[in-house]
Amino acid sequence: MHQATTGIDWQGGRFWLAALSLFTLAASLPLYSERFIEGHDILFHLLRIEGIAYSMAGGDFPARLHSFALNGYGVPTGYFYPDLFLYIPAFLRLAGMPVAVAYNLYCFGINIITAAATCWAMAQLFRSVRL
């Protein structure tokens, strides 16, 4: 489509940035509620975030052994699961946010990065959208 016939500058970055933002906000609507998107292992992953934050507050970095669990003996989930990206909500947790808010902000950030990466990949594939 051309700008003269539709009135929309399809090649302009502002339109695509607005569309990308709108779709990202729409995809993130479930994160704005007071409830979690529940899965069978959500509590495990929330405890991983809590364990990383607790270990970092105690001076352990990287947090491999989440020492708050099992009466102080700890759980070595950092050895079995990669924790790199969970440090983001753990730092938010250390800043005083509730674990639910930190988790939802983390998921929102993932949605933003996913939308931007998809837009970039499509622009590279079709070579028609200027970002």
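Leu-25 is placed in helix H2, where helices are DSSP runs of H or I with at least four residues, strands are runs of E with at least two, and both are numbered from the N terminus. The structure is a predicted model, in which local features require pLDDT of at least 70 and side-chain atom pairs are counted only at pLDDT 80 or more, while totals for chains, interfaces and linings use all residues. Residues are numbered from 1 along each chain as its sequence is written, and side-chain values use heavy atoms, with hydrogens and water left out.

With a relative accessibility of 42%, Leu-25 counts as partly exposed; buried denotes under 20% relative accessible area, exposed over 50%, and partly exposed the range in between (1.4 Å probe, protein chains only). Together with Leu-29 and Tyr-32, Leu-25 makes a nonpolar surface patch of about 310 Å². Such patches are made of residues with over 30% relative accessible area and no salt bridge, like charges being joined within 9 Å and nonpolar side chains (Val, Leu, Ile, Met, Phe, Trp, Tyr) within 5 Å. A salt bridge is here a side-chain nitrogen of Lys or Arg within 4 Å of a carboxyl oxygen of Asp or Glu.

At the level of the whole chain, six helices and zero strands are assigned, giving the pattern α-α-α-α-α-α along the sequence. Of the 131 residues in the chain, 25% are buried. The accessible surface of the chain amounts to about 9,300 Å², and carbon and sulfur atoms contribute 68% of this area. Among contacts (heavy atoms within 4.5 Å) between residues at least 6 apart in sequence, 50% join residues at least 24 apart.

Aromatic pairs were assigned to rings of Phe, Tyr and Trp (its six-membered ring) with centres within 6.5 Å; planes under 30 degrees apart count as stacked, over 60 as edge-to-face and the rest as tilted. The count by this rule is three. One of these pairs, Tyr-32 with Phe-108, is tilted, with 6.4 Å centre to centre and 55° between the planes. Tyr-32 lies in the loop between helix H2 (13-27) and helix H3 (42-57), whereas Phe-108 belongs to helix H6 (residues 99-126), so the pair ties together parts that are 76 residues apart in sequence. Tyr-32 is partly exposed at 46% relative accessibility, and Phe-108 is likewise partly exposed, at 23%.

A further pair, Phe-61 with Tyr-87, is edge-to-face, with 5.5 Å between centres and 65° between planes. Because Phe-61 lies in the loop between H3 and helix H4 (77-80) and Tyr-87 in helix H5 (residues 87-94), this pair ties together parts that are 26 residues apart in sequence. Phe-61 is exposed, at 60% relative accessible area, whereas Tyr-87 is buried, at 10%.

Ala-53 lies in helix H3 and is buried, with 4% relative accessibility. Apart from neighbours within four places in sequence, Ala-53 is in contact with Ala-90, Arg-93 and Leu-94. Ala-53 and Leu-86, which are 33 residues apart in sequence, are separated by 9.5 Å in space, C-alpha to C-alpha.

Two cysteines were also examined for burial. Cys-107 is buried at 16% relative accessible area, as is Cys-119 at 17%. Zero disulfides (pairs of cysteine sulfur atoms within 2.5 Å) were found in a search of the whole structure.

Conventions:
Accessible areas come from the Shrake-Rupley method with a 1.4 Å probe; for residues, only the protein chains shown count as cover.
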